[in-house]
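Me: I'm new to this one. Please walk me through it, in short sentences.

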Amino acid sequence: MSQSREANVRRWIEENCRSKTPVERIEFMRALVSDGRLSRTSAPAVAQYLLYCRHNKTGAIFPGYTTIALNSGTLSVRTVQGAVKALERTGWFHVERRKDQRGQNFTNLYYPIWEQVKHFPRRRACEFDGAIPAPAAGGDPAIALGDPVNAPPLSARVRNSGSGGNVYLRRRSAADFRRERHTC
């Protein structure tokens with residue numbers, strides 16, 4: 001390993017050992033998800049699990065490929081290996097591959113590179129222009145205003161059609177609420 005690469009690895013390890021706040025972790029994941037190079041991979045799911053496994057005091061992350069595959073959803077070990085390579089290639093994680101005393105492969109050590117967040121600046125939210133959409137005829141004004149508190153919640157209805165089910169969402173009416181309240 002070159003001298004500058006070793007210095008970078010030492011700096012990453014020192015930075016990784018510092019305790020991270022939940023906001024820093026969320027910002028890291030927000031920036032990683034917005035990286036277009038990882039949009040068609042399962043790397044964000046793997047990165048999220050790796051951050052979940054991170055010990056907050058020591059910064060150690062060392063789950064095996066099988067553990068990551070089992071806990072990241074429905075991913076295969078081969079998919080996890082590709083995602084880890086993508087995370088390393090794009091500069092989000094430094095991966096230290098380890099071997100035991102007999103020369104057999106051992107679990108990797110993962111170091112998130114927190115500095116990557118700087119390359120993906122936070123987007124500013126759109127400002128409210130004051131225009132309020134009018135509700136549709138007979139519609140609920142809370143839905144038109146985009147008010148999630150006063151709008152009736154969505155209800156899901158699944159219709160099986162052979163191989164898979166389609167989910168249809170609709171707003172529940174006040175009558176639906178009354179029926180639910182009285183059926184208990």
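Reply: Start with the elements. Helices (H or I, at least four residues) and strands (E, at least two) are DSSP runs, numbered from the N terminus. By that rule, L50 lies in helix α3.

Me: Before that, what sort of model is it?
Reply: The model is predicted: local features need pLDDT of at least 70, side-chain atom pairs count only at pLDDT 80 or more, and totals for chains, interfaces and linings use all residues. Residues are numbered from 1 along each chain as its sequence is written, and side-chain values use heavy atoms, with hydrogens and water left out.

Me: OK. How many helices and strands does the protein chain have?
Reply: The protein chain has 7 helices and 4 strands.

Me: And what pattern do they follow?
Reply: Along the sequence, the pattern reads α-α-α-α-α-β-β-α-β-β-α.

Me: Back to L50, then. Why is L50 called buried?
Reply: L50 counts as buried because its relative accessible area is 0%. Buried means under 20% relative accessible area, exposed over 50%, and partly exposed in between (1.4 Å probe, protein chains only).

Me: What does L50 touch?
Reply: Set aside neighbours within four places in sequence. L50 is then in contact with I61, P63, I68, L87, F93 and Y110. Contact means heavy atoms within 4.5 Å.

Me: How far is L50 from P112 in space?
Reply: The C-alpha atoms of L50 and P112 are 8.8 Å apart. In sequence, the two residues are 62 residues apart.

Me: Which other residues of α3 are buried?
Reply: In α3, the buried residues are A43, P44, V46, A47, Y49, L50 and L51.

Me: What covers them?
Reply: The cover over the buried residues of α3 includes α2, α4, α5, β1 and β2.

Me: Next topic, the core. How many residues are in the largest nonpolar core?
Reply: The largest nonpolar core has 26 residues. A nonpolar core is a set of buried Ala, Val, Leu, Ile, Met, Phe, Trp, Tyr and Cys residues joined through side-chain atoms within 4.5 Å.

Me: Which residues have the most contacts inside the core?
Reply: L87, W92 and F93 do. As a general point, nonpolar side chains in soluble globular proteins tend to be buried together.

Me: Take F93. What is F93 in contact with?
Reply: Leave out neighbours within four places in sequence. The contacts of F93 are F28, A47, L50, L51, L87, E88, Y110, Y111, P112 and I113.

Me: Is Y111 buried or exposed?
Reply: Y111 counts as buried, because its relative accessibility is 10%.

Me: And N105, buried or exposed?
Reply: N105 is exposed, with a relative accessible area of 63%. N105 is also found in strand β2. Not counting residues up to four places away in sequence, N105 touches R98 and K99.

Me: What about T79?
Reply: T79 lies in helix α5. With a relative accessible area of 34%, T79 is partly exposed. T79 and V46 are 33 residues apart along the chain, and their C-alpha atoms are separated by 9.6 Å.

Me: Now the whole chain. What percentage of its residues count as buried?
Reply: Of the 184 residues of the protein chain, 29% count as buried.

Me: What share of the contacts links residues 24 or more positions apart?
Reply: Such pairs make up 50% of the contacts in the protein chain with a separation of 6 or more.
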